[in-house]
Amino acid sequence: IAYPVLLHCKSGADRAGMMSVFYSHVIAGLPLEDARRHLSLRYLHLNTGPTGILDHFWDAWGQAGQAGCQDFWEWVDRAYCPQALQAGFRPKPAGAWITDKLLRSE
């Protein structure tokens, strides 16, 4: 894509945060731990509700990287399984209530 890029989501916390982590880590080469700061309470992202699946995704990639998978794109193409990721994630009821009812995030 051509840069600069404008990322937008309803609350600015989840989809924009996910893409900010992606760009910072995968494209710009920032360490995952540093890039993940874009998904934080500072930006109104809650990892305890349904939107925590985004954190779970980066956790899965981080574990794959620690296990020797060095290339993000190879991991996405060959090892990443959305169904397994979803099956392994359970939002906490209080986090789901805050995300869905109070903040009305998606």
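1. **Basis.** This is a predicted model, in which local features need pLDDT of at least 70 and side-chain atom pairs count only at pLDDT 80 or more, while totals for chains, interfaces and linings use all residues. Residues are numbered from 1 along each chain as its sequence is written, and side-chain values use heavy atoms, with hydrogens and water left out.

2. **Confidence.** pLDDT is the predictor's confidence in each residue, from 0 to 100. The chain averages 84, and 84% of the residues score at least 70. Helix H2 has the highest mean pLDDT among the elements, at 95. Helix H6 (residues 93-102) has the lowest, at 66. Helices here are DSSP runs of H or I with at least four residues, and strands are runs of E with at least two, numbered from the N terminus.

3. **Helix H3.** H3 covers residues 53-66, which is 14 residues. The expected span of a helix is 1.5 Å times one less than its number of residues. For H3 that gives 20 Å, and the end C-alpha atoms are 20 Å apart, so the two agree. Just after H3, Gly68 takes a positive phi of about 110°.

4. **The buried side of H3.** Buried means under 20% relative accessible area, exposed means over 50%, and partly exposed lies in between (1.4 Å probe, protein chains only). The buried residues of H3 are Ile53, Leu54, Asp55, Phe57, Trp58, Trp61, Gly62 and Ala64. They pack against helix H1 (15-27), helix H2 (32-35), helix H4 (72-78) and helix H5 (82-87).

5. **The core.** A nonpolar core is a set of buried Ala, Val, Leu, Ile, Met, Phe, Trp, Tyr and Cys residues joined through side-chain atoms within 4.5 Å. The largest one holds 16 residues. Val21, Phe57, Trp58, Trp61, Phe72 and Trp75 touch the most other members. H1, H2, H3 and H4 each give two or more residues to this core. H3 gives the most, with six. Contact means heavy atoms within 4.5 Å. Leaving out residues up to four places away in sequence, Val21 touches Val26, Leu32, Ala35, Arg36, His38, Leu39 and Trp58.

6. **Asp55.** Beyond its neighbours within four places in sequence, Asp55 is in contact with Arg36, Leu39, His45 and Asn47.

7. **Salt bridges.** A salt bridge is a side-chain nitrogen of Lys or Arg within 4 Å of a carboxyl oxygen of Asp or Glu. The count comes to four. Arg36 pairs with Asp55, the closest N and O atoms being 3.7 Å apart. This pair links distant parts of the chain: Arg36 sits in the loop between H2 and H3, Asp55 in H3, 19 residues apart. Arg36 is partly exposed, at 21%.

8. **Other pairs.** Glu74 and Arg78 meet at 4.0 Å, N to O. Both lie in helix H4, four residues apart, about one turn of the helix. Glu74 is partly exposed, at 38%, and Arg78 is exposed, at 70%. Salt bridges that share partners join Arg36, Asp55 and Asp59 into one network. Asp34 and Arg37 also form a salt bridge, at 3.3 Å.
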